[in-house]
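Subject: Structure for your review

Dear colleague,

Please find below the structure that I am handing over to you.

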Amino acid sequence: MIAETVCSAVSAAGLGIAAVTAYRKRFLAATRIAAYSLVPVGLVMTGVVGWLADTAFSPTAWAGFVVLGGAWLLFMTTRAVERRSGGTRKERKAAKAAQREAVSPAASAPSLGQGSRPAVRPAATPRATGSGDDFSDIEAILKKHGI
């Protein structure tokens with residue numbers, strides 16, 4: 001009963017503030033304030049406030065929240081440990097075996113060969129005098145990087 005009264009008072013105060021804001025020609029803000037101030041009355045009318053009041057004073061409900069919190073804590077702890085250790089024991093063994101096989105001790109040279117590129121590139125053709133000067137710096141940078 002008292003929760004409904006408080007929600008109604010909060011809504012009335014919010015609508016008053018919205019009216020003052022609208023008087024000051026700030027209609028967008030006034031509409032937003034009015035929307036926020038109607039939420040408590042809507043919650044009272046749907047019965048959510050009564051349900052929350054009954055739940056707040058119920059020891060069984062609080063025990064249920066504690067159990068849910070404990071379950072969440074256990075779940076998050078196992079997730080953190082699993083991420084830190086790299087998964088299950090089979091997954092860790094498979095990852096170690098794959099890591100040993102991935103790098104052979106004799107592989108010191110890079111695996112990409114030089115056969116795909118021509119040894120000598122043809123010289124660039126001269127361009128028109130007007131636009132060639134604009135792009136000369138860019139061409140120099142691209143030639144430096146082999147593009």
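The notes below begin with the chain as a whole and then turn to particular helices and residues.

Please bear in mind throughout that this is a predicted model.

The chain as a whole

The protein chain contains 7 helices and 0 strands, and along the sequence its pattern reads α-α-α-α-α-α-α. Of its 147 residues, 10% are buried. The chain exposes about 13000 Å², and carbon and sulfur atoms supply 67% of that area.

Helix α1

Helix α1 covers residues 2-23 and so has 22 residues in the terms of the helix assignment. From its first C-alpha to its last it reaches 32 Å, close to the 32 Å expected at 1.5 Å a residue. Which residues of α1 are buried? They are Cys-7, Ser-11, Gly-14, Ala-18 and Thr-21. Seen down the axis of α1, these buried residues fall within an arc of 80 degrees, so they line one face of the helix. On the other side of α1, Ile-2, Thr-5 and Tyr-23 are exposed. The cover over the buried residues of α1 includes α2 (27-46) and α3 (48-56).

Ser-11 is placed in helix α1. Its relative accessibility is 2%, and because buried means under 20%, Ser-11 counts as buried. Not counting residues up to four places away in sequence, Ser-11 touches Ser-37, Leu-38, Pro-40 and Val-41. With Val-41 there is also a polar approach: a polar atom of the Ser-11 side chain lies 3.5 Å from the backbone nitrogen of Val-41.

Thr-21 also has its place in helix α1. Its relative accessible area is 12%, so Thr-21 is buried. When neighbours within four places in sequence are left aside, Thr-21 is in contact with Arg-26, Ala-29, Ala-30 and Ile-33.

Lys-25 lies in the loop between α1 and α2. Most residues other than glycine have a negative phi. At 63% relative accessibility, Lys-25 counts as exposed, because the cut-off for that class is over 50%.

How many aromatic pairs does the count give? The count comes to 1 aromatic pair. Trp-62 and Phe-65 form this pair, with 5.8 Å from centre to centre and 65 degrees between the planes. The arrangement is edge-to-face, because planes over 60 degrees apart are classed in that way. Both residues lie in helix α4 (residues 59-85), 3 residues apart, which is about one turn of the helix. Trp-62, at 49% relative accessibility, counts as partly exposed. Phe-65 likewise counts as partly exposed, at 44% relative accessibility.

Summary

In brief, the buried residues of α1 line one face of the helix, and what covers them includes α2 and α3.

Note on methods
Residues numbered from 1 in each chain as written. Predicted model: local features only at pLDDT ≥ 70, side-chain atom pairs only at ≥ 80, totals over all residues. Heavy atoms only, no water. Helix = DSSP H or I, 4+ residues; strand = E, 2+ residues; numbered from the N terminus. Expected span 1.5 Å × (residues − 1). Buried < 20%, exposed > 50% of the residue type's maximum accessible area, 1.4 Å probe, protein only. Arc of directions from axis to C-beta. Contact = heavy atoms within 4.5 Å. Phe/Tyr/Trp six-rings, centres within 6.5 Å; stacked < 30°, edge-to-face > 60°. Polar contact = N/O pair within 3.5 Å; in protein donor to acceptor, adjacent residues only side chain to side chain. Areas by Shrake-Rupley, 256 points an atom, 1.4 Å probe, with all protein chains shown as cover.
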